Amino acid sequence: MGEQIIKRSATEQVYTLIVKKITKGEFAPGARLNIENLSKEFGVSRTPVREAIGMLTQNGFLEHIHNVGPRVPEITQQQLSDLIETNMILIDGIIPLIFRSGVTDDLLEELEEINQMQRQALEEDDEEAFNQSSIKFHETIIEACPNKKLEQISKQVWKQLDAWVNIYQETSISKQLSVEQHEEIFQAFRERDQDKVLRLMKVHNAVPIGYFKSV
């Protein structure tokens, strides 16, 4: 039996669980999704599964092929590069808005805690905890954006990017480098240095571009 629906609406949880399976590579590119099987695995009716699949298709995680049904799409290197570039443009817009509204102590405390969790996961070789803390670092910055429409769009792009990077990377980008870059970004936030944050985020978010150009 798979993971069960416990909180929130069934559709939202099915959506989250399918994204998780895509991110972890359990649903590989080209894999077809069977609504009946998923409803049994998640312990829900077919309706929330259909609704979640519709949302996932709209958001680019899935595609619907005539006479085939929903499946995880194949993504080209160009499409992935476009997604990475879009994420970088959105972050360039978010950072100045965060500084304009004021970098809060709560944001700094949360980023510092996430950095500590990520470094601990690295030391303990806990890959899942490492990945989760890495995702949380980026999501926390995005959620600090006072423009909620921009936050919504940016979070959607980031989730897609995270899913595809995890699928297509045969060898992970240096975890040590990720930790160090996150810590540098946090320090720049703590120094209230907007230009430095923008510069460091640009370098950090450009790392996947270099990786995918080399494969």
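Let me start with Phe 189, which, leaving aside residues up to four places away in sequence, touches Ile 95, Ile 98, Phe 99, Val 103, Leu 107, Leu 108, Leu 111, Ile 141 and Val 197, where a contact means heavy atoms within 4.5 Å. Please keep in mind that this is a predicted model, in which local features need pLDDT of at least 70 and side-chain atom pairs count only at pLDDT 80 or more, while totals for chains, interfaces and linings use all residues. Residues are numbered from 1 along each chain as its sequence is written, and side-chain values use heavy atoms, with hydrogens and water left out.

Phe 189 also belongs to the largest nonpolar core, of 34 residues, where Phe 189, Ile 95, Ile 98 and Ile 141 touch the most other members. A nonpolar core here is a set of buried Ala, Val, Leu, Ile, Met, Phe, Trp, Tyr and Cys residues joined through side-chain atoms within 4.5 Å, and buried means under 20% relative accessible area, exposed over 50%, and partly exposed in between, with a 1.4 Å probe and protein chains only. Helix H4 gives the largest share of this core, eleven residues. Apart from it lies another core, of 18 residues, including Leu 17 and Leu 62.

Turning to the whole protein, there are nine helices and two strands, taken as DSSP runs numbered from the N terminus, with helices (H or I) of at least four residues and strands (E) of at least two. Buried residues make up 42% of the 215 residues.

Finally, Ile 65 sits in strand S1, residues 63–65, and counts as partly exposed because its relative accessibility is 26%.
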